[in-house]
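Please read them with the sequence and the coordinates open.

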Amino acid sequence: MGARKKGPFSGQHIVPKQIEHPFDIYFIVKRASNTNETFENVSPFLVEKALTSTVGEVANVRKLRTGDLLVEVTSRQQSQKLAKLKTFATIPVVVSPRSSLNSSKGVITCGELLNEPLEVITNELKSQGVTHVRRITIRRAGQLLETKHHVLMFNSPKLPESIKAGYIKLKVRPYIPNPLRCFKCQRFGHSKVNCRGTLTCARCAGTGHESTDCTLKGKCANCKGDHTSFSLSCQKWKVEKKIVSTKFKQNISFTEARRLVQAQTPTEGKSYASVAKTSLTVSGTQTKSVVI
């Protein structure tokens, strides 16, 4: 038998291990300007020197489509310094955390929580980094039914493998939302609020009217198939679903996820067999097979 572990001396105070709270990793840096100026025409050397001299060497800096900067820090100290930053050299700036990248969503399944109020669940799981809880519902026969599945939002970009709800240990799975489809033009990747496209019927793919009173035959505005634009059998929808799944499972951007999925998807109109097909070239009386 091994030696018995020594207990604390009488009167010795045991300091409990403190839980290290997560910090914001991603920040948006905007120019504080009344004329909507961005970093579009600002020297990248100036930005690099301003960041390094005030915050230190960060993990990554990327310019967004809006012209603002997305900055990724490596430590709590850098996070605190960047949050307080007011200027880049002589350029006034406004720094704010990028909430969508500093948090994560997971799904748990537990029948024992079905009758618990969401406020109680949120409060009980707060010490494990949970900031918001939503119960997943389904619609059957015109009725909205609650399920035993819950979507949890965590205050960290890294999803935990499991959490404890009282005495029950629950596995946390990545939350994979459905692809975003515009209710105006029916295309994927944006909402009706930001749509610049043409009003298109979700049922018949015709333009100039909505699907509310449409009785025409179903046609998809995305893949031109014989189904509605909101059909789950749409091939375009399946590709978009795979892109969303890749983005959340690998914790990468939508652009990177789309690039990965498209690299694995055959070009439209061509099959894998057609890419590796064999063509015959005739020379005199001999026939040779040439693999393209």
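1. UniProt positions are given here in the numbering used in this note, with feature names shortened, and such annotations may be inferred rather than shown by experiment. With that caution, the UniProt record, an unreviewed entry, places the feature "domain: CCHC-type" at residues 181-197 and 200-216.

2. The model is a predicted one, in which local features need pLDDT of at least 70 and side-chain atom pairs count only at pLDDT 80 or more, while totals for chains, interfaces and linings use all residues. Residues are numbered from 1 along each chain as its sequence is written, and side-chain values use heavy atoms, with hydrogens and water left out.

3. Secondary structure follows DSSP runs, helices being H or I over at least four residues and strands being E over at least two, numbered from the N terminus. On that basis residues 181-197 are 0% helix and 0% strand, and their end C-alpha atoms are 13 Å apart. The span 200-216 is likewise 0% helix and 0% strand, with its end C-alpha atoms lying 13 Å apart.

4. How many salt bridges does the structure hold? Taking a salt bridge as a side-chain nitrogen of Lys or Arg within 4 Å of a carboxyl oxygen of Asp or Glu, the structure holds five. One of them joins the side chains of Lys30 and Asp68, with an N to O distance of 2.9 Å. Because Lys30 belongs to strand β1 (residues 26-31) and Asp68 to the loop between β2 (60-63) and β3 (69-72), this pair ties together parts that are 38 residues apart in sequence.

5. Burial is described by relative accessible area, where buried means under 20%, exposed over 50% and partly exposed in between, computed with a 1.4 Å probe and protein chains only. Thr66 and Lys30 are 36 residues apart in sequence, and their C-alpha atoms are 9.5 Å apart in space.

6. A further salt bridge is made by the side chains of Arg31 and Glu37, at 3.5 Å from N to O.

7. Glu240 forms a salt bridge with Arg258, the closest N and O atoms being 3.0 Å apart. As Glu240 lies in helix α4 and Arg258 in helix α5 (residues 254-264), the pair ties together parts that are 18 residues apart in sequence. Glu240 is buried, with a relative accessible area of 13%, while Arg258 is partly exposed at 29%.

8. A positive surface patch is formed by Arg187, Lys219, Lys224 and Lys236. Patches are made of residues with over 30% relative accessible area and no salt bridge, like charges being joined within 9 Å and nonpolar side chains (Val, Leu, Ile, Met, Phe, Trp, Tyr) within 5 Å. Among the members, Lys219 lies in the loop between β11 (173-174) and α4 (235-250) and is partly exposed at 38% relative accessibility.

9. Which backbone angles deserve a second look? Most residues other than glycine have a negative phi. Lys224, which is found in the loop between β11 and α4, has a positive phi of about 65° although it is not a glycine. Ala89 likewise is not a glycine and has a positive phi of about 60°. The place of Ala89 is in the loop between β4 (87-88) and β5 (91-97), and Ala89 counts as exposed at 52% relative accessibility.

10. His150 lies in strand β8 (residues 143-154) and is buried, with a relative accessible area of 1%; the C-alpha atoms of His150 and Arg135 are 4.4 Å apart, although the two residues are 15 apart in sequence. Leu51, in helix α1 (residues 44-54), is buried at 2% relative accessibility, and its C-alpha atom is separated by 8.5 Å from that of Leu82, 31 residues away along the chain.

Technical notes:
Accessible areas come from the Shrake-Rupley method with a 1.4 Å probe; for residues, only the protein chains shown count as cover. Lys and Arg count as positive and Asp and Glu as negative; His and the chain ends are not counted. The place of a charge is taken as NZ of Lys, CZ of Arg, CG of Asp or CD of Glu.
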